[in-house]
Amino acid sequence: MGQGSGIGVLDKAVVVLWAAAATPCALGELCERTGLPRATAHRLAVGLEAHRLLARDADGRWRPGPALGELAHGHGDPLLTAAEEVLPDLRDLTGESVQLYRRDGDARVCVAAAEPASGLRDTVPVGVRVSMAAGSGAKVLAAWSQEPSAFTERVLDEVRRRGWAQSVAEREAGVASVSAPVRSPDGSVIAAVSVSGPVDRLGRRPGARWAEPLLAAARSLEVRLAEVDRG
C-alpha cells in the first residue's frame, strides 16, 4: 500500500479497501486487519458500499465492489454493463460462481462476478488479479492472443477447436472451471466468461455439463456489445 496522503478519512478508507481486497471479511476481521475502531471501520465500509466500491457476499462479508472494475476500465463500459445482466442469469442456471476476466499483461483480472446465495462456492472478488499460467480462463485468453503463453500449443489448439476450455484443480486445489471467449464486434477476444465451483459438483469434465450454457452466455454478452457498437 502507498504512503499516506495526510487526509485522515481518505487514508482510512483506502486501508479498509485494501483489507477487503485481501479476502472478504466481516466487521471483526476488518477491525483486526485495519486496526480501526469498530464504529469507524463500520462507518467507512458502509460508505464505501454505498458507492459500490465495496460489496457484501452471501455471508455478509465485505469484498471489492463492481465500481472498482468500472473505474479501472472506464465507467459505463458496455462489457461491464452487459455482464450485470448476463452473469446473474448464468449463476442462477448453474448454481455456481460466475466470473468475467480480462487480460492485463501476465495476469487476468476479474472485472465482474456473480455468486450464488449459499453453499460452497469459488469466490473470486472483483479486481483480483489471477495467474495467466493456470485455469480455464487463462487458457481462453491465451488461445486467441499473440502474447507468449505458459500453455503448450497443443493445449491452446484444443481450446480453439472446442471453442471453450476447462480445468480441474489447476488454479486452486478442489476447484474446477469452464470458460468461453467473449468477442468484441470486430471479432477479437476481449474477455473470458467462466463458471467455477467445487470439483465434487462440477466433476472432472466440467465442460461436458456447462459448456453449452456458458457459450450461450458469451453470445448474449456479444449481442449486447454489438447493439452498443451499432449505436
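Here is a short tour of this predicted model, one selection at a time.

**Stop 1: the sheet.** Start by selecting the strands in the order S5-S4-S3-S8-S7-S6; these six form an open sheet with antiparallel pairing. Color S5 (129–131) and S6 (165–168) separately, since you've now got the edge strands, each pairing on one side only. Look along the sheet, and you'll see that neighbouring strands are turned against each other by 35° on average, ignoring direction.

Stop 2: Zoom in on S3 (residues 97–104) and S4 (residues 107–114), an antiparallel pair joined by seven bridges. Click leucine 100, then find its bridge partner in S4, alanine 112.

**Stop 3: the helix on the sheet.** Now show helix H9, residues 206–230, which packs on the sheet. H9 touches S3, S6, S7 (175–183) and S8 (189–198), and its direction makes about 30° with that of S7.

**Stop 4: the largest nonpolar core.** Show side chains for Leu87, Leu100, Val182, Val193 and Leu221: in this core of 31 residues, they touch the most other members. Helix H5 (78–94), S3, S4, S7, S8, helix H8 (199–202) and H9 each give two or more residues to the core.

Stay with valine 182 for a moment. Setting aside neighbours within four places in sequence, its contacts include Leu79, Leu100, Val193, Ala218 and Leu221. Ser188 and Glu222 are also among the residues in contact with valine 182.

**Stop 5: another core.** Finally, select Leu30, Leu44, Leu48 and Trp62. They are among the 17 residues of a second, separate core.

How values were computed
Residues numbered from 1 in each chain as written. Predicted model: local features only at pLDDT ≥ 70, side-chain atom pairs only at ≥ 80, totals over all residues. Heavy atoms only, no water. Pairing = 2+ DSSP bridges. Helix = DSSP H or I, 4+ residues; strand = E, 2+ residues; numbered from the N terminus. Axes fitted to C-alpha atoms, helices over the stretch in contact; angles between N-to-C directions. Contact = heavy atoms within 4.5 Å. Core = buried A, V, L, I, M, F, W, Y, C linked by side-chain atoms within 4.5 Å. Buried < 20%, exposed > 50% of the residue type's maximum accessible area, 1.4 Å probe, protein only.
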